[in-house]
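Visitor: Could you take me through this model feature by feature, giving the general idea before the particular case? I would like to begin with aromatic rings.

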Amino acid sequence: MDGIQELIEGPKQFAKDSLHLLKRCTKPDRKEFVQISWAIGLGFIVMGFIGFFVKLIHIPINNIIVGGA
């Protein structure tokens with residue numbers, strides 16, 4: 001009987017913690033949403049430039065190694 005109680009305790013605690021988290025979560029206001037959107041957009045732009053420059057450097061190096069056949 002004690003083993004069954006221990007088996008049930010894990011999911012029970014998980015459900016309790018999940019409900020506690022959902023109660024604490026709030027919808028962001030407009031200012032916070034705009035700030036997060038700007039940060040994500042800036043991240044996309046930075047990662048795009050990094051990828052572009054890596055590709056820009058990779059093409060001539062690849063041509064030198066392969067021999068421009």
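Guide: Rings of Phe, Tyr and Trp (its six-membered ring) pair if their centres lie within 6.5 Å; planes under 30 degrees apart count as stacked, over 60 as edge-to-face and the rest as tilted. Searching the whole structure by that rule gives two aromatic pairs. In one of them, the rings of Phe 49 and Phe 53 have centres 6.3 Å apart and planes at 20°, so this pair is stacked.
This is a predicted model, in which local features need pLDDT of at least 70 and side-chain atom pairs count only at pLDDT 80 or more, while totals for chains, interfaces and linings use all residues. Residues are numbered from 1 along each chain as its sequence is written, and side-chain values use heavy atoms, with hydrogens and water left out.

Visitor: Why are Phe 49 and Phe 53 separated by about one helical turn?

Guide: An α-helix has 3.6 residues a turn, so residues three or four places apart point the same way. Helices (H or I, at least four residues) and strands (E, at least two) are DSSP runs, numbered from the N terminus. Phe 49 and Phe 53 are four residues apart in helix H2, residues 30-66, and therefore about one helical turn separates them. The rings of Phe 52 and Phe 53 have centres 5.4 Å apart and planes at 70°, so that pair is edge-to-face. Through these ring pairs, Phe 49, Phe 52 and Phe 53 are linked into a cluster.

Visitor: Which residues form a nonpolar patch on the surface?

Guide: Accessible areas come from the Shrake-Rupley method with a 1.4 Å probe, and for residues only the protein chains shown count as cover. Here the patch consists of Ile 45, Phe 49, Phe 52, Phe 53, Leu 56, Ile 57, Ile 61, Ile 65 and Val 66, with about 950 Å² of accessible area together. Val 66, which lies in helix H2, is exposed, with a relative accessible area of 57%.

Visitor: How does the span of H2 compare with the one expected?

Guide: The expected span of a helix is 1.5 Å times one less than its number of residues. H2, with 37 residues, reaches 53 Å from its first C-alpha to its last, close to the expected 54 Å. After H2 comes Gly 67, whose phi is positive, near 105°.

Visitor: What can be said of the protein as a whole?

Guide: The radius of gyration is taken over C-alpha atoms, and the globule rule is 2.2 Å times the number of residues to the power 0.38. A compact globule of 69 residues would have a value near 11 Å, but the protein has 26 Å. The protein has two helices and zero strands, and buried residues make up 0% of its 69 residues.

Definitions and conventions:
Patch = residues over 30% accessible without salt bridge, like charges linked within 9 Å, V, L, I, M, F, W, Y side chains within 5 Å. Salt bridge = Lys/Arg side-chain N within 4 Å of Asp/Glu carboxyl O. Buried < 20%, exposed > 50% of the residue type's maximum accessible area, 1.4 Å probe, protein only.
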